[in-house]
Amino acid sequence: MAERTRRKRTATAADFSARLLAWFDRHGRHDLPWQRERSPYRVWLSEIMLQQTQVGTVIPYFERFVAAFPDVAALAAAPIDSVLHHWTGLGYYARARNLHRTARLLAAQYGGQFPAALDELTALPGIGRSTAGAIAAIAFGRRAAILDGNVKRVLARHGAIAGWPGQTDISRALWEIAERFTPTERVADYTQAIMDLGATLCTRTRPACDRCPVRADCRAHAAGVPEQYPGRKPKAATPIRTILFLILRNPAGAVLLEQRPPTGIWGGLWSFPECAPEADIASRCDALGYRALGWQAGAARRHVFSHYRLDYTPVEVTVAPDFAVADGDTRRWVLPASPDALGLSAPVKALLAELGDAPVAPAKTLPRQP
């Protein structure tokens, strides 16, 4: 009985991959930028960029990134500011910092080459089990399963696996199916195919089940409830953080940027000095080494992160011409229209674009806020 069950499972897995590969040959995506001149470096970079980011958004970033850093050696040799600058706007900046760390480790310990073994890949910064599987399968042709967001959705629907994939037992069940369905032949094509299926047909809303190559034995489709799978993450109250961005202007119209600590939100990026809304702005500027002549607050804005919301108010501050502190390693005066090749968060980049380079008269006193 156990042997019969095992054979049935093996046949089902083989049939699943065969149907998926036949569909991929006719309808899959074969000309994405990272599919040309395929290499472990390009596969790795694309997989990191595609984490929580759509293909259409990633393509121009990928092309600019590989033009600036064509291989591991170039990325390892680049300053982190340059790496973050090329990542600006893509979000989740820890990905860029981990790319840089991994490139330096590869250059120092592996001669600039990627290891093919899963355990060595997962030991590198920012590479989890699924990303390691994708690199091993697509770049090296090794049999390795993946389980990114698209694949979770496909497999959860096909097997009607209820529950949120972030739960340990649900994740374990999906990994077991992913491992079983991954074939031994054409593993690189299969890996791309199952990602394509989730991205183009088995979408989160309004899935195109009528065109799906595995709908015949998809349990969620048979039940008529594909959008109920996978289960959603339990909702929790979203915290809100409120700050002021202090936009210090000198008489030449330049504004002050500070480099944030290397870890945490926007780690390593350049941003405006900030303070709490109830803080005394004059005292905060004094602590920075600048004498504020006056300031004016702009309209409050909101930036949404995955786990909290940031409400920020830009406050333009005019500082005295005899400001005490010059540029340093973590502090820099820049003209808003040409802020150098710095890594910037999306809100800071947008504010700089709005500010322009018009000089501010040195003696002008702006209305103070209560």
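These legends describe close-up views of one predicted protein model. In this model, local features need pLDDT of at least 70 and side-chain atom pairs count only at pLDDT 80 or more, while totals for chains, interfaces and linings use all residues. Residues are numbered from 1 along each chain as its sequence is written, and side-chain values use heavy atoms, with hydrogens and water left out.

**Figure 1. Confidence along the chain.** The protein averages a pLDDT of 88, where pLDDT is the predictor's confidence in each residue, from 0 to 100. A score of at least 70 is reached by 91% of the residues. Helix α4 (residues 72–77) has the highest confidence, at 97. Helix α1 (residues 2–27) has the lowest, at a mean of 74. Helices are DSSP runs of H or I with at least four residues, strands are runs of E with at least two, and both are numbered from the N terminus.

Figure 2. Where pLDDT is low, the predicted coordinates should not be read in detail.

**Figure 3. The largest nonpolar core, around Leu155.** This core has 88 residues. Phe65, Leu155 and Phe272 have the most contacts inside it. A nonpolar core is a set of buried Ala, Val, Leu, Ile, Met, Phe, Trp, Tyr and Cys residues joined through side-chain atoms within 4.5 Å. Buried means under 20% relative accessible area, exposed over 50%, and partly exposed in between, with a 1.4 Å probe and protein chains only. Residues up to four places away in sequence aside, Leu155 touches Phe16, Leu147, Ile161, Leu174, Ile177, Ala178, Phe181 and Ile194. A second, separate core has 16 residues, including Leu244, Ala254, Cys285 and Val317. In soluble globular proteins, nonpolar side chains tend to be buried together.

Figure 4. The whole structure holds 0 disulfides, a disulfide being a pair of cysteine sulfur atoms within 2.5 Å. Cys212 counts as buried, at 11% relative accessibility. Cys285 is in no disulfide either. The nearest cysteine sulfur to Cys285 belongs to Cys275, 7.8 Å away. Cys285 is buried, with a relative accessible area of 0%.

**Figure 5. The largest cavity.** The structure has 3 cavities of 30 Å³ or more. The largest has a volume of about 130 Å³. Its lining has 14 residues, and Arg157, Cys202, Cys209, Cys212 and Cys218 are the closest to its centre. Helix α9 (residues 149–158) gives the largest share of this lining, 3 residues. On a 1 Å grid over the protein atoms alone, a cavity is a set of points where a 1.4 Å probe fits but cannot get out; a pocket is an open set with protein on both sides within 12 Å along at least five of seven lines; lining residues have an atom within 4 Å of a point. Grid points are joined across faces, edges and corners, and a volume is the space filled by probe spheres set on the points.

Figure 6. Of its 21 lining residues, Gly91, Tyr92, Tyr93, His303 and Phe305 are the closest to the centre. At least two lining residues come from each of α6 (94–109), β6 (301–304) and α14 (346–355). The largest share, 3 residues, is from α6. Tyr92 sits in the loop between α5 (80–87) and α6. The phi of Tyr92 is near 50°, a positive value in a residue other than glycine. Tyr92 counts as partly exposed, at 37% relative accessibility.

Figure 7. The peptide bond from Tyr229 to Pro230 is cis, with omega near -10°. Pro230 is in the loop between α12 (219–223) and β1 (240–249). Arg206 lies in the loop between α11 (187–200) and α12. Arg206 is not a glycine, yet has a positive phi of about 50°. Arg206 is exposed, with a relative accessible area of 75%.

How values were computed:
Contact = heavy atoms within 4.5 Å.
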